[in-house]
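Hi everyone, thanks for coming.

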Amino acid sequence: MTTDPEHAIDVENLTKRYGDLLAVNDISFHVRTGEVFAFLGPNGAGKTTTVEIIETIRTPTSGKVCLLGMDVTTRKRDIVPRIGVLPQGFSSFDRITVRETIQYYARLFSRRNIDVDGLIELANLKDKSQEQFKNLSGGLKQRLGIAIALVNDPEVVFLDEPTTGLDPRARREVWDVLLSLKKNGKTVFLTTHYMEEAELLADTVAIISKGKIVAMGSPDELIERNANYLVLTVKTSDGTPLDIIRRLGFEPVHDKHKNIKVRVEHPDDIQRILNALKDAGASSLSLDVRKPNLEAVFLKLTGEALREGSVEGVPE
Amino acid sequence: MSRRVIGANLVVSLKTFSREKSVMFFTVAFPIILVLVFGTIFLNQDNVSFDLSVQDLDQTNSSARLVKTLELNGKFKITTIGPAIDARRYAQDKKVNLVLVIPSGYEKAFVRRLGLVGGVPNAAFGDPNASVTVTYIYDGGASSTSTKIQILRSGFAVVNQGMSGRPPFIREAETSMLTAKYRFIEFFVPGIIAMSVMTSSLSGAVNMNAELRQKGVIRKLSTTPITRTDWILSNILYQFILAVLCTMAILVVSYAVFSVRLQVNAWLLVFIVLEVFAFGGIGMILTRVASEAESATAAANFIMFPMMFLSGSFFPLEMMPGFLQTIARILPLYYVNEGLRASMIFVDHTAALRYSAIIGVFAIVVFVLGINTTRWDEGK
């Protein structure tokens with residue numbers, strides 16, 4: 001396999017088996033230097049297994065994985081100082097403060113003059129720098145984990161489900177930190193099962209399901225390719241809009257709020273539907289047009305939801 | 001091996017220790033409380049009364065007067081033993097910790113020394129070298145014995161002062177019923193040291209392997225340059241520092257409160273090092289078998305508690321039935337207990353060497369096994 005200097009990570013025919021379970025099934029992909037690459041998939045899809053193989057803490061059953069041009073199975077010692085990792089379910093020493101924890105990890109990497117304050121600022125932890133780890137909330141712990149992943153000024157940063165288990169506000173605060181990381185031009189390998197996260201942060205998204213990559217590309221490309229339609233939501237109090245729309249040749253459905261959802265291929269169709277409704281005398285009309293998101297792409301490609309209850313009835 | 005990395009780990013461990021009050025309590029305060037409580041219980045028991053058994057082999061007026069004098073001066077409650085009885089046997093059977101034996105010929109020597117003529121002392125006829133030797137048959141394990149002997153001595157000193165001439169009239173000889181001359185507290189303290197080093201090493205190993213792994217700290221560490229060797233060495237070093245700290249605290253309290261007569265020499269350090277490796281190794285093996293933090297802690301307790309009671313930490317092995325003594329001899333803690341006592345109480349270097357060799361071989365075996373069973377990365 002050729003290692004392209006433009007590629008931070010090269011994975012070729014990677015397979016990982018745990019006994020009878022095929023966790024990763026012959027996948028190949030590459031991550032370009034400087035991009036944010038997201039592995040999007042539900043729990044148990046093989047995201048963490050893949051990322052831990054690339055991080056050198058698991059061994060592959062077969063296939064070849066190169067990180068910064070080095071084989072991960074033989075060059076652990078050379079690779080480790082050049083990567084930063086936020087492992088899944090990150091945790092640290094309970095009684096050690098934020099500042100001390102960063103200093104501790106800096107010493108493990110034998111970094112003398114690291115900018116502890118800069119990292120604390122980046123992770124937005126200034127008020128909490130003297131707080132012990134056990135007293136931090138979930139979001140603060142994750143932000144500290146991200147700061148620690150950066151102590152050795154790594155060339156590639158791995159973030160394994162950085163926002164799982166956080167409430168929406170804490171998630172947004174972590175995203176703020178990740179966006180400033182992206183601005184700094186680091187190569188980031190992100191795994192997530194939140195499509196908003198992938199859409200917001202990633203340059204390239206690989207959708208993984210049951211150990212296989214089912215689609216890969218930028219979020220826009222993926223949507224363009226797999227869900228090139230619009231969803232029109234109509235809310236009206238009178239008339240028989242369902243029948244009217246149906247007569248135009250569409251397949252409208254009621255969602256759980258009694259709104260009508262229609263999938264349309266072309267923006268002109270929206271005008272046609274609206275005119276037909278107006279002619280029929282429908283009043284107090286409110287409407288909403290949406291492009292489908294990665295969630296819909298995922299659903300279409302795999303037939304399963306990313307998370308339980310995450311998909312609202314989108315007409316097919 | 002990186003000194004910088006080990007140093008960083010030590011800082012984190014010691015900070016955690018100093019901030020975790022319950023750990024501090026169980027590591028340092030708990031053994032000290034044990035020493036204070038048990039030391040006081042047995043000290044008081046020894047002090048309840050000053051019983052003194054006297055065997056008068058002379059059976060004369062003079063010897064009877066001496067007994068009377070001792071009774072009055074020393075405030076002893078005196079029990080007399082018939083001259084035909086084997087005093088040593090008697091002491092053992094009746095659990096008497098001190099028998100004073102007045103030899104036959106006491107009155108004759110008394111008369112010769114004073115040169116008594118018709119009941120009146122006459123220095124011209126006195127033999128200044130005439131003397132008698134009283135014998136103490138005693139149990140060195142009882143702490144009141146030495147106090148009683150002190151009181152008896154001052155009584156004899158009064159008698160001797162009343163005699164002219166240099167050599168004392170009443171001389172003393174000692175016969176110990178037990179080979180060891182130590183008090184309960186002196187027996188107890190080495191056992192407590194061995195126990196607390198065991199508990200802190202074992203629970204330290206469980207913490208590092210099971211709890212930190214379960215929390216995911218080890219997974220994070222395995223993505224940094226720290227090696228498994230550095231990690232294990234840091235932890236062993238930390239356990240050793242804790243063990244020394246704890247031992248010092250126990251010794252200081254024991255010296256200050258009970259004035260124990262224990263010798264602190266290089267063997268103490270040798271046994272602490274070996275014990276830290278032995279129980280650190282056991283802990284590592286244990287966490288491989290029981291990898292969940294709770295089950296590992298339970299397994300550690302399952303090993304520690306029987307070991308504490310069966311290996312003679314708190315009371316002499318002789319008090320236990322024979323089959324339990326056999327069990328004790330296969331427990332590693334037994335050899336630490338015996339080794340510490342050999343060096344601290346009896347200052348018996350040969351015995352200390354023998355015990356350290358046994359525990360040393362054991363420590364090497366379990367520690368090597370422990371290192372090899374400790375997982376560092378996420379496995380195959």
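Let me start with a question: how many bridges join β6(A) to β7(A), and do these strands run parallel or antiparallel? There are 4 bridges, and the two strands run parallel. One of the pairs to look for is Ile83(A), whose bridge partner in β7(A) is Val156(A). Before I go further, please keep in mind that this is a predicted model.

Staying with β6 for a moment, that's residues 83-86 of chain A, and both of its faces are covered. On one side you have Ile83(A) and Val85(A), on the other Gly84(A) and Leu86(A), and all of them are buried.

Now let's zoom out to chain A. It has 316 residues, and 41% of them count as buried. Its secondary structure comes to 11 helices and 14 strands. If you put a box around the C-alpha atoms, along the principal axes, you get roughly 75 × 50 × 35 Å. And if you take the contacts in chain A between residues at least 6 apart in sequence, 69% join residues at least 24 apart.

Okay, sheets. In general, strands of a sheet pair through backbone hydrogen bonds, either parallel or antiparallel. One open sheet in chain A has 4 strands in the order β2-β1-β4-β5, with antiparallel pairing. At the edges stand β2 (21-32) and β5 (70-71), each with a single partner strand, so one side of each has no neighbour in the sheet. Let's look at the β5 end: strand β4, residues 62-67 of chain A, is joined to β5(A) by 2 bridges, running antiparallel. You can find the spot where Leu67(A) stands opposite Met70(A) in β5(A). Then there's a helix on this sheet: α1, residues 47-54 of chain A, lies across β1 (7-18), β2 and β4, and runs at about 120° to β1(A).

There's another open sheet in chain A, again of 4 strands, in the order β12-β13-β11-β14, and the pairing is antiparallel. Here the edge strands are β12 (253-254) and β14 (286-290), and each has a single partner, so one side of each is left without a neighbour in the sheet. For β14(A), that pairing with β11, residues 230-235 of chain A, is made of 5 bridges and is antiparallel. Within it, Val234(A) has Leu287(A) as its bridge partner in β14(A).

On to the inside. The largest nonpolar core has 146 residues, and the ones with the most contacts inside it are Ala38(A), Leu40(A), Ala147(A), Phe189(A) and Leu190(A). The element that gives the most to this core is in chain B: helix α7, residues 184-215, with 17 residues. Apart from that core lies another one, of 23 residues, including Leu66(B), Leu98(B), Val101(B) and Tyr138(B). If you click on Phe189(A), leaving out residues up to four places away in sequence, you'll see it touching Ile9(A), Val31(A), Phe37(A), Val51(A), Ile54(A), Val156(A) and Phe158(A).

So how do the two chains meet? 23 residues of chain A are in contact with 21 residues of chain B. Helix α3 of chain A, residues 98-108, supplies the largest share of the chain A side, 5 residues. By class, that side has 12 nonpolar, 5 polar and 6 charged residues.

Over in chain B, the domain assignment gives domain 1 (3-42 + 183-373) and domain 2 (49-176). Their centres, taken over C-alpha atoms, are 48 Å apart.

Last, a few single residues. Ser209(A) sits in strand β9, residues 204-209 of chain A. Is it buried or exposed? Ser209(A) counts as buried, because it has 20 C-beta neighbours inside 10 Å.

Asp153(A) has a positive phi, near 45°, and lies in the loop between α5 (138-149) and β7 (156-160) of chain A. Asp153(A) is partly exposed, with 13 other C-beta atoms within 10 Å. Ser259(B) also has a positive phi near 45°, in the loop between α9 (228-258) and α10 (266-289) of chain B. With 9 other C-beta atoms within 10 Å, Ser259(B) is exposed.

Methods: Residues numbered from 1 in each chain as written. Chains lettered and ligands numbered in written order. Predicted model: local features only at pLDDT ≥ 70, side-chain atom pairs only at ≥ 80, totals over all residues. Contact = placed C-beta atoms within 7 Å. Nonpolar A, V, L, I, M, F, W, Y, C, P; charged D, E, K, R; others polar. Core = buried A, V, L, I, M, F, W, Y, C linked by C-beta atoms within 7 Å. Buried ≥ 20, exposed ≤ 12 C-beta atoms within 10 Å, placed from the backbone. Domains from an automatic or database assignment. Pairing = 2+ DSSP bridges. Axes fitted to C-alpha atoms, helices over the stretch in contact; angles between N-to-C directions.
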